[in-house]
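Take a look at the model below.

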Amino acid sequence: VKTVLACKHPDGKAAPPQLKMEINAPEPQPVIFEQIDAQMVQKVAKTLHGSGGPTFIDADGWKHILCSKSYGKASDRLCEAIAELAKFISTKPVRPTALEELLACRLVPLDKGNDKRGGIG
């Protein structure tokens with residue numbers, strides 16, 4: 001069984017240089033990220049759908065944690081922290097090693113239609 005799986009899933013290889021595209025997009029202005037705040041995080045959390053993935057907390061769990069009054073001010077502080085993190089990583093240079101835990105799940109985006117996105121992996 002292991003041999004069959006190994007044949008179907010070979011080790012990854014670096015992409016050939018001719019396949020890589022140079023992106024010359026202008027840097028976004030930091031001012032566009034200033035609107036991210038705790039209220040926006042709560043508003044977006046209310047639209048989430050899906051299973052827990054690597055966190056084992058599904059969308060309903062995140063809605064409860066971020067939007068419920070059950071946790072008092074802790075929910076508001078968590079939303080503020082998420083907003084600050086989003087602004088920071090969007091406007092400042094960040095060492096990739098500093099984000100390893102955040103990016104470790106490596107989900108593959110999946111278009112579910114109706115402008116809904118999910119991850120598989």
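This is a predicted model: local features need pLDDT of at least 70, side-chain atom pairs count only at pLDDT 80 or more; totals for chains, interfaces and linings use all residues.

Residues are numbered from 1 along each chain as its sequence is written, and side-chain values use heavy atoms, with hydrogens and water left out.

**The core**

Which residues make up the largest nonpolar core? There are eight: Phe 33, Ile 36, Ala 38, Val 41, Ala 45, Leu 66, Cys 79 and Ala 83. A nonpolar core is a set of buried Ala, Val, Leu, Ile, Met, Phe, Trp, Tyr and Cys residues joined through side-chain atoms within 4.5 Å. Buried means under 20% relative accessible area, exposed means over 50%, and partly exposed lies in between (1.4 Å probe, protein chains only). Helices α2 and α4 (73-91) each supply at least two residues of this core. Helix α2 gives the most, with three. Helices here are DSSP runs (H or I, at least four residues), numbered from the N terminus.

Cys 79 belongs to this core. Beyond its neighbours within four places in sequence, Cys 79 is in contact (heavy atoms within 4.5 Å) with Ala 38, Val 41, Gln 42 and Leu 66.

Val 44 also lies in helix α2 (residues 38-45). Val 44 is partly exposed, at 46% relative accessible area.

**The cysteines**

How many disulfides does the structure hold? The count is zero. A disulfide is a pair of cysteine sulfur atoms within 2.5 Å. For Cys 67, the nearest cysteine sulfur is that of Cys 79, 6.1 Å away. Cys 67 is partly exposed, at 22%. Cys 7 is exposed, at 62%.

**The salt bridges**

A salt bridge is a side-chain nitrogen of Lys or Arg within 4 Å of a carboxyl oxygen of Asp or Glu. By this rule there are two.

| Pair | N to O distance |
|---|---|
| Asp 60 and Lys 63 | 3.7 Å |
| Glu 84 and Lys 87 | 3.2 Å |

Asp 60 and Lys 63 both sit in helix α3 (residues 59-67), three residues apart, about one turn of the helix. Asp 60 is exposed, at 51% relative accessibility.

Lys 87 and Glu 84 lie in helix α4; they are three residues apart, so about one helical turn separates them. Both are partly exposed: Lys 87 at 21%, Glu 84 at 48%.
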